[in-house]
Amino acid sequence: MISLAVEIKWCVRTLKETSKCEWLRNEVQKKAYAKNEIDSVACVSGFDNFDCLEKMDDGAVDIVNMDAGTAYYASLNFVSVLLSAETYEGNCKSFIPLQSI
């Protein structure tokens, strides 16, 4: 079996995003032996949405969180693919996968 090391680079702008990224990195490290799909997650600091979009365009990061308006702007002006969306109803949050990579 051939194993290809894949690192996902997440552009984070806030402490909350950094915390989520670090959690994901730790979970991937715990489970890296089980699957060869993602070997590691790197948390890359960005100043704002546009800085993260520039980093994505330059290949420095792979993923970034953004609101719907910024995602629309990104789809028109940058190379980007929307992967999922989240919806809120009352106290319930759900994720809708939009594209599989």
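Me: In which element is the place of Asp51?
Reply: This is a predicted model, where local features need pLDDT of at least 70 and side-chain atom pairs count only at pLDDT 80 or more, while totals for chains, interfaces and linings use all residues. Residues are numbered from 1 along each chain as its sequence is written, and side-chain values use heavy atoms, without hydrogens and water. Helices (H or I, at least four residues) and strands (E, at least two) are DSSP runs numbered from the N terminus. Asp51 sits within residues 49–57, that is, helix 2.

Me: Is Asp51 buried or exposed?
Reply: Buried means under 20% relative accessible area, exposed over 50%, and partly exposed in between (1.4 Å probe, protein chains only). Asp51 has a relative accessible area of 18%, so Asp51 is buried.

Me: Which backbone nitrogen lies 2.8 Å from a polar atom of the side chain of Asp51?
Reply: A polar contact is a pair of N or O atoms within 3.5 Å; within protein, one must be able to donate a hydrogen and the other to accept it, and residues adjacent in sequence count only if both atoms are side-chain atoms. At 2.8 Å from the Asp51 side chain, the backbone nitrogen is that of Phe47.

Me: Leaving aside neighbours within four places in sequence, which residues is Asp51 in contact with?
Reply: Contact means heavy atoms within 4.5 Å. With neighbours within four places in sequence left aside, Asp51 touches Ser45 and Gly46.

Me: How many salt bridges does the structure hold?
Reply: Side chains of opposite charge can pair when their charged atoms come close. A salt bridge needs a side-chain nitrogen of Lys or Arg within 4 Å of a carboxyl oxygen of Asp or Glu. The count for this structure is 3.

Me: How far apart are the closest N and O atoms of Glu17 and Arg13?
Reply: Glu17 is buried at 9% relative accessibility. Arg13 is partly exposed, at 24%. Their salt bridge brings the closest N and O atoms to 2.7 Å.
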